[in-house]
Amino acid sequence: MRKLAGPLLLALAGTLMMAGCSSTKEGPDAYVVEDRSPEALYGDARQAMEAGNFTKATKVLEALDSRYPFGTYKTQVQLDLIYAYYKMADTASALANIDRFIRLNPTHKDIDYVYYMRGLVNMQADSYLFHELLDMDRTDRDPENAKEAFKDFEKLVKTFPDSRYAADGRQRMIAIKNRLAEYSLRVAEYYIKIEAWIAAANRAQQILETYAGTPAVEGALEVMVQSYEELGQEKLKQNALTVLKATYPKNSLAD
């Protein structure tokens, strides 16, 4: 698919931002949930979700949750709300409902799904729509949500190894590990830029110890070679260079 031109992308981003803001306003055109039976309301919510109208679905589900907190659909309503909030990229509401569900239903048959959704929501919070649209590299952004997502998927695969979501959770853990390693490498490279050689070497060493097997390891070894050279630590430099040559023989420093 061809990439959109820059001005068009910016216009699209502005439109999406305005749409996102306007959708949260309450006014005469806001969706009003009628006073109907729980069965009828839940039917409306499911129909809206199937049609992709998650704004309407959340309104109905929220009304159903508040009007019939002990009704037949109470648990399913909460699960559907989690998914609907996720689809709307409403991270705060999604996480609040997830944590409430885990607290109130720790042994529910679908608790593995809830932990899976928590990981997805945190991954979603770690990404940024407009940076992706504009093809901007933001691996230097705060990885706090990525760390939380990793913990969520780790909880899923360790506690529920046979879950239908476990395999996907493991794959996502690999992607998150790569993202966290890349972030640490950016930090190490920043230390190089300001000539904080000890901090750079220590950060690079942390990558080798914590994120072994990730693409960032090659860059970390390069940082170590440069840092130890600047620090006059010839033995440590040669150790790092030996590992670099053995692991990445095509690296320019391996010549």
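In these legends, buried means under 20% relative accessible area, exposed means over 50%, and partly exposed lies in between (1.4 Å probe, protein chains only). The model is predicted, so local features need pLDDT of at least 70 and side-chain atom pairs count only at pLDDT 80 or more, while totals for chains, interfaces and linings use all residues. Residues are numbered from 1 along each chain as its sequence is written, and side-chain values use heavy atoms, with hydrogens and water left out.

**View 1. The whole chain, before we zoom in.** The chain holds 12 helices and zero strands. Helices (H or I, at least four residues) and strands (E, at least two) are DSSP runs, numbered from the N terminus. Of the 255 residues, 37% count as buried. Contact here means heavy atoms within 4.5 Å. Among contacts with a separation of 6 or more, 56% come from residues 24 or more positions apart.

**View 2. Asn122, a residue of helix H6.** Is Asn122 buried or exposed? Its relative accessibility is 2%, so Asn122 counts as buried. Asn122 is found in helix H6. Setting aside neighbours within four places in sequence, Asn122 is in contact with Leu95, Asn145, Glu148, Ala149 and Asp152.

**View 3. Helix H5 against helix H6.** Two packed helices are described by the angle between their axes and the distance between the axes. Axes are lines fitted to C-alpha atoms, for helices over the stretch in contact, and angles run from 0 to 180 degrees between N-to-C directions. H5 (residues 91-104) and H6 (residues 111-126) pack at about 155°, with axes 10 Å apart. H5 and H6 are therefore roughly antiparallel to each other; by angle, under 35 degrees counts as roughly parallel, over 145 as roughly antiparallel, 65 to 115 as roughly perpendicular and the rest as oblique. The crossing of H5 and H6 is left-handed, a term for a near helix turned anticlockwise from the far one by less than a right angle (clockwise makes a crossing right-handed). On the H5 side, look for Thr91, Ala94, Leu95, Ile98, Asp99, Phe101 and Ile102. Facing them from H6 are Ile111, Val114, Tyr115, Met117, Arg118, Val121, Asn122, Gln124 and Ala125. Sorted by class, the residues of this contact are 11 nonpolar, three polar and two charged. For these classes, Ala, Val, Leu, Ile, Met, Phe, Trp, Tyr, Cys and Pro count as nonpolar, Asp, Glu, Lys and Arg as charged, and the others, Gly among them, as polar.

**View 4. Ala96 of H5 and Arg118.** Ala96 is found in helix H5. With 46% relative accessibility, Ala96 counts as partly exposed. Ala96 and Arg118 are 22 residues apart in sequence and 10.0 Å apart in space, C-alpha to C-alpha.

**View 5. Helix H3 and what covers it.** H3 (residues 54-67) has 14 residues, which should span 20 Å at 1.5 Å a residue, and its end C-alpha atoms, 19 Å apart, agree with this. The expected span of a helix is 1.5 Å times one less than its number of residues. Buried in H3 are Phe54, Ala57, Thr58, Val60, Leu61, Ala63, Leu64 and Asp65. Their cover includes helix H2 (38-50), H4 and H5.

**View 6. Helix H9 and its buried residues.** H9 has 28 residues and reaches 41 Å from its first C-alpha to its last, close to the expected 40 Å. Its buried residues include Ala166, Gly169, Met173, Ile176, Arg179, Leu180 and Ala181. Against what do the buried residues of H9 pack? They pack against H6, helix H8 (144-159), H10 and H11.

**View 7. Two loop residues with positive phi.** Most residues other than glycine have a negative phi. Ala89, in the loop between helix H4 (74-87) and H5, has a positive phi near 60°. At 48% relative accessibility, Ala89 counts as partly exposed. Glu195, in the loop between helix H9 (166-193) and H10, also has a positive phi near 60°. Its relative accessibility of 55% makes Glu195 count as exposed.

**View 8. Helix H10 against helix H11.** H10 (residues 197-210) packs on H11 (residues 216-231) at an angle of about 150°, with axes 8 Å apart. H10 and H11 are therefore roughly antiparallel to each other, and their crossing is left-handed. Among the H10 residues that meet H11 are Trp197, Ile198 and Leu208. The contact has 15 nonpolar, three polar and one charged residues.
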